[in-house]
Amino acid sequence: METDLKPTVLRLEEGGVTFPGAEGRKPEFVPAGKGETVAGLLRRLIERGRIVTGEGCAVAVDTPRCVLVPVEAFGPGMERGYMEVNRIHCSADEMVVASSPAAGIVALTVAPREAVECLRGMCGGVEFTSPLLAELTHPGRQGVGVLLTRRYAYVTALSPEPLYAEAVPRDPAAGMLYCVGRAGECLGDGFTVSLSGIGAASAAKLFRKYYKKVRFDAHY
């Protein structure tokens with residue numbers, strides 16, 4: 001059964017966790033301590049009440065190791081097959097998590113196994129997703145969308161149906177710009193680049209050197 005994405009309450013990142021900003025404040029990145037795993041950090045945050053248990057949790061996994069699959073082509077147990085076809089391999093310490101369908105798409109994402117098991121064991125129902133799917137299903141979005149996290153740029157093209165989706169490192173900027181150019185080719189001339197996330201305002205200055213229509217906002 002298709003559902004809308006739940007509001008993201010935390011983003012699972014390499015070396016830490018980011019909480020969305022509230023009431024216009026910036027997102028807060030909480031790093032793992034020296035020698036501490038992300039799962040250990042999650043347990044510490046749960047013990048301190050930063051993550052509420054028993055009420056479920058929505059988690060975006062910040063990684064380009066993600067595959068988007070049409071819901072009609074996906075079924076239980078197919079996760080690893082899709083990842084292998086796309087040459088994305090998991091180590092013994094990793095696993096693939098599947099999102100709920102949104103806009104007819106399921107996001108398959110590689111995540112740390114211990115962190116996933118920690119969240120599922122302590123928080124009850126956990127909804128995993130990818131920032132790429134969140135950007136692809138952003139309400140009212142048309143043109144090229146770029147969602148920026150600390151490490152990655154999630155680039156999509158909508159018209160308004162999905163035409164393009166790719167996640168790339170945001171540094172160096174040349175790779176991000178190239179990806180936006182490829183997304184723009186799906187739309188033709190006159191498309192708008194909509195930037196959001198961490199550092200969107202400063203990134204807009206760079207993008208305006210190459211594209212005429214650039215806007216930004218601060219949604220998480």
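This is a predicted model: local features need pLDDT of at least 70, side-chain atom pairs count only at pLDDT 80 or more; totals for chains, interfaces and linings use all residues.

Q: Is S130 buried or exposed?
A: Burial is judged from relative accessibility, with under 20% counting as buried. S130 has 0% relative accessibility and therefore counts as buried.

Q: What does the side chain of S130 reach?
A: The side chain of S130 reaches the backbone nitrogen of L132, at 3.0 Å.

Q: How is a pair of aromatic rings described?
A: Two quantities are used, the distance of the centres and the angle of the planes. In this model the count comes to two aromatic pairs. In one of them, the ring centres of F191 and Y211 are 5.7 Å apart and the planes stand at 50 degrees, so the pair is tilted. F191 lies in the loop between α5 (173–185) and β12 (193–197), and Y211 in the loop between α6 (200–207) and β13 (214–216), so this pair ties together parts that are 20 residues apart in sequence. Both F191 and Y211 are buried.

Q: How are the rings of F207 and Y211 arranged?
A: F207 and Y211 form a stacked pair, with 6.4 Å centre to centre and 25 degrees between the planes. F207 is buried, its relative accessible area being 0%, and Y211 is buried with a value of 17%. F191, F207 and Y211 form one aromatic cluster.

Q: Which charged residues sit over rings?
A: The reading here concerns a charged end and the face of a ring. The charged end of R50 sits over the ring of F19, 4.3 Å from its centre. R150 lies over the face of F29, at 3.7 Å from the ring centre.

Q: Where do nonpolar side chains tend to be found in soluble globular proteins?
A: They tend to be buried together. In this model the largest nonpolar core has 26 residues, of which V17, L42, I51, V59 and F128 touch the most other members. Elements giving two or more residues to this core include β1 (10–13), β2 (16–19), α1 (38–47), β4 (57–61) and β8. The most comes from α1, with six residues.

Q: Apart from neighbours within four places in sequence, which residues is V59 in contact with?
A: V59 is in contact with L10, L12, L119, V126, E127, F128 and T129. A second, separate core of 22 residues includes V155, M176, V180 and A200.

Q: How is the pairing of a strand read, and with which strands does β9 pair?
A: One notes the partner, the sense and the number of bridges. β9 and strand β10 (residues 152–158) pair in the antiparallel sense over six bridges, and a hairpin joins β9 to β10 through three residues. The bridge partner of L147 in β10 is Y154. β9 and β12 pair in the parallel sense over five bridges, with V146 opposite L195 in β12.

Q: Why is β9 described as largely enclosed by the rest of the structure?
A: Strand β9 (residues 143–148) has six of its six residues buried, so it is largely enclosed by the rest of the structure.

Terms used: Residues are numbered from 1 along each chain as its sequence is written. Side-chain values use heavy atoms; hydrogens and water are left out. Buried means under 20% relative accessible area, exposed over 50%, partly exposed in between (1.4 Å probe, protein chains only). A polar contact is a pair of N or O atoms within 3.5 Å; within protein, one must be able to donate a hydrogen and the other to accept it, and residues adjacent in sequence count only if both atoms are side-chain atoms. Rings of Phe, Tyr and Trp (its six-membered ring) pair if their centres lie within 6.5 Å; planes under 30 degrees apart count as stacked, over 60 as edge-to-face and the rest as tilted. Helices (H or I, at least four residues) and strands (E, at least two) are DSSP runs, numbered from the N terminus. A charge sits over a ring if NZ of Lys or CZ of Arg is within 6 Å of the ring centre and within 35 degrees of the ring normal. A nonpolar core is a set of buried Ala, Val, Leu, Ile, Met, Phe, Trp, Tyr and Cys residues joined through side-chain atoms within 4.5 Å. Contact means heavy atoms within 4.5 Å. Two strands pair if DSSP finds at least two bridges between them.
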